[in-house]
Amino acid sequence: MIKIDNRKLDDEAVLTLYQAVGWVMYTRNPAKLKRALAQSLIVLGAFDGDRLVGLIRAVGDGETILFIQDLLVLPSFQRQGIGRQLVNALVDHYPEVRQRVLLTDDQPDTRAFYEKIGFVSSDHFGVVAFYQDLS
């Protein structure tokens, strides 16, 4: 049984998770990742016993906007509903926030996942997203 909570995360377990999903831009500077997590609005972990198998983190003001910055699930635990559980747990913490936003890869499986849990591509609302990556 997977448990979702906001307990303190083990730094090595976090790095292992980010590496397992190939997010190497985060793992190149572990101290920066640790600060980013600490300064997030909220970070929730998904645990199989004591093992960190997923994570969601959000930034924002917690009142009007909630930006889902990271949603990760270990590859061997994907397609088991953990991503959905993490998103639902996050939303449960901020039920009154009217804007829930995320930026992700435009891959068919990724798009299908987010659409399945109620997200809609921004182009359906007549808005555009702008992005600048300085890495």
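**Overall build**

The structure is a predicted model, and every value below should be read as a computed property of that model. The chain has 5 helices and 5 strands, and, when these are read along the sequence, they follow the pattern β-α-α-α-β-β-β-α-β-α. Taken along the principal axes, the C-alpha atoms fill a box of roughly 40 × 35 × 30 Å. For a chain of 135 residues, a compact globule would have a radius of gyration near 14 Å, and the 15 Å found for this chain agrees with that expectation.

Of the 135 residues in the chain, 35% are buried. Among the contacts with a separation of 6 or more, 59% are made by residues 24 or more positions apart. The chain exposes about 8900 Å², of which carbon and sulfur atoms supply 51%. As for charge, there are 15 positive and 17 negative side chains, and the centres of these two sets lie 2 Å apart.

**Salt bridges**

| Acidic residue | Basic residue | Closest N and O atoms |
| Asp5 | Arg7 | 3.1 Å |
| Asp70 | Arg57 | 2.8 Å |
| Glu115 | Arg111 | 3.8 Å |

The salt bridge between Asp70 and Arg57, with its closest N and O atoms 2.8 Å apart, links distant parts of the chain, since Asp70 lies in strand β4 (residues 65-73) and Arg57 in strand β3 (residues 51-60), 13 residues apart. Asp70 is buried, and Arg57 is buried as well.

In the pair formed by Asp5 and Arg7, the two partners fall into separate classes of accessibility: Asp5 has a relative accessible area of 16% and is therefore buried, the limit being under 20%, whereas Arg7, at 32% relative accessibility, counts as partly exposed.

Arg111 and Glu115 form a salt bridge of another setting, with 3.8 Å between the closest N and O atoms. Both residues belong to helix α5 (residues 108-116), and because they are 4 residues apart there, about one helical turn separates them. Arg111 is partly exposed, with a relative accessible area of 36%, and Glu115 is likewise partly exposed, with a relative accessible area of 40%. Elsewhere, salt bridges that share partners join Asp5, Arg7 and Asp50 into one network.

Where does Leu103 lie? Leu103 is found in the loop between β5 (99-102) and α5, the helix that also carries Arg111 and Glu115. With a relative accessible area of 46%, Leu103 is partly exposed, because that value falls between the 20% and 50% limits.

Which residues is Leu103 in contact with, once its neighbours within four places in sequence are left aside? The partners are Phe67 and Tyr131.

Methods:
Residues numbered from 1 in each chain as written. Predicted model: local features only at pLDDT ≥ 70, side-chain atom pairs only at ≥ 80, totals over all residues. Heavy atoms only, no water. Salt bridge = Lys/Arg side-chain N within 4 Å of Asp/Glu carboxyl O. Buried < 20%, exposed > 50% of the residue type's maximum accessible area, 1.4 Å probe, protein only. Helix = DSSP H or I, 4+ residues; strand = E, 2+ residues; numbered from the N terminus. Rg over C-alpha atoms; globule rule 2.2 N^0.38 Å. Contact = heavy atoms within 4.5 Å. Areas by Shrake-Rupley, 256 points an atom, 1.4 Å probe, with all protein chains shown as cover. Lys, Arg positive; Asp, Glu negative; His and termini not counted. Charge placed at Lys NZ, Arg CZ, Asp CG, Glu CD.
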